[in-house]
Amino acid sequence: MTEVSAPSASQVGLVERVREGWFNGKTGELAPGVRIRSSHTVVDVGCGDGGLIGFCAGQSAEVIFIDRDRRRLAATEERIRQSPARAYRAIASDCDPIPLEDAIADLVICTEVLEHVPDPAVFMRELIRVTRPGGRLLVTVPDARSEQLVAATAPASYFQEPNHIRIFTAAELRNLVQAAGLEIESQQALGCFWSLYLTLSWLTTDPAADSGIDNPHPIPDHWTRLWHEVQAHPLGDRVRESLNELLPRTQAIVARKPLAGSARAYTASAMS
């Protein structure tokens, strides 16, 4: 009998995210309630490995993706070049300020970025500036409970520049978004798998190295295998939902920029 290889952490994490309502190819939803249309222009500020903007490109939207890491940006651009994106732009920048014109985006994505910036309120104003009135923003940050757990094993540099210099509770993220004048549509706690995985990965990684993901050490590997089996169980979703209430890795908010006036062509119904 041929032995079936165990799934990697990145594969298990992706399955978890899909179960949480993200990357829904049938409905075109990037996240719950955030449907991507071919007519949309989507901007990803801090695109990283390009997973989110890649989904939007797959829905034939126009995509603009920005990152200060030129190597990752080039890899994302190669991925997008082979997609059905209506148009695309790759921009290397630290986004201080964001090198785009005002009100260009139907959707602005900013995931796992605010914890790195010295003044999140100022950065939020930039995100809002490039969003069209009536447009949406999808913002995520690591949850404070997860960060507290990860701190047990991560090196001190994890919480120093240029890494995580801000820690957000769910309420603090919500207050930041509301104070910026946005209308919150939904808030979701998710990604409990990663809270434990990252903690165990740092536990078994040389502090001088980047823990990254897919650590082959038996301890995080055992957790990955266990979570894979839990999610395959008929009641696995109940366990995930409960653990997301207790120890989510991520807080995600979907918010809308208010309409500037009745003369604008973009309305809430057209964007939903």
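Student: Where do I start with Phe-55: is this residue buried or exposed?

Tutor: Look at relative accessible area: under 20% is buried, over 50% exposed, and in between partly exposed (1.4 Å probe, protein chains only). Phe-55 comes out at 11% relative accessibility, so it counts as buried. Phe-23, at 21%, counts as partly exposed.

Bear in mind that this is a predicted model: local features need pLDDT of at least 70, and side-chain atom pairs count only at pLDDT 80 or more, while totals for chains, interfaces and linings use all residues. Residues are numbered from 1 along each chain as its sequence is written, and side-chain values use heavy atoms, with hydrogens and water left out.

Student: What kind of aromatic pair do Phe-23 and Phe-55 form?

Tutor: Rings of Phe, Tyr and Trp (its six-membered ring) pair if their centres lie within 6.5 Å; planes under 30 degrees apart are stacked, over 60 edge-to-face, the rest tilted. That rule gives 10 aromatic pairs here. Phe-23 and Phe-55 are edge-to-face, 5.9 Å centre to centre with 65° between the planes. Phe-23 is in the loop between helix H1 (9–19) and strand E1 (29–31), and Phe-55 is in helix H2 (residues 51–58), so the pair ties together parts 32 residues apart in sequence. Those labels are DSSP runs numbered from the N terminus (helices H or I, at least four residues; strands E, at least two).

Student: Why does the pair of Tyr-158 and Trp-202 count as edge-to-face?

Tutor: Their ring centres are 6.0 Å apart and their planes at 80°, so edge-to-face it is. This pair also links distant parts of the chain, 44 residues apart: Tyr-158 sits in the loop between helix H5 (144–150) and H6, Trp-202 in helix H7 (residues 192–203). Tyr-158 is buried at 11% relative accessibility, and Trp-202 is buried at 10%.

Student: Which residues form one aromatic cluster?

Tutor: Phe-193, Trp-194, Tyr-197, Trp-223 and Trp-227.

Student: And how do I read the largest nonpolar core?

Tutor: A core is a set of buried Ala, Val, Leu, Ile, Met, Phe, Trp, Tyr and Cys residues joined through side-chain atoms within 4.5 Å. The largest one has 30 residues, and those with the most contacts inside it include Val-43, Leu-100 and Phe-123. Among the elements that each supply at least two of its residues are strand E3 (41–45), helix H4 (120–129) and strand E9 (250–256). H4 gives the largest share, 4 residues. Apart from this core lies another, of 24 residues, and Phe-55 is among them, along with Cys-56, Phe-65 and Ala-85.
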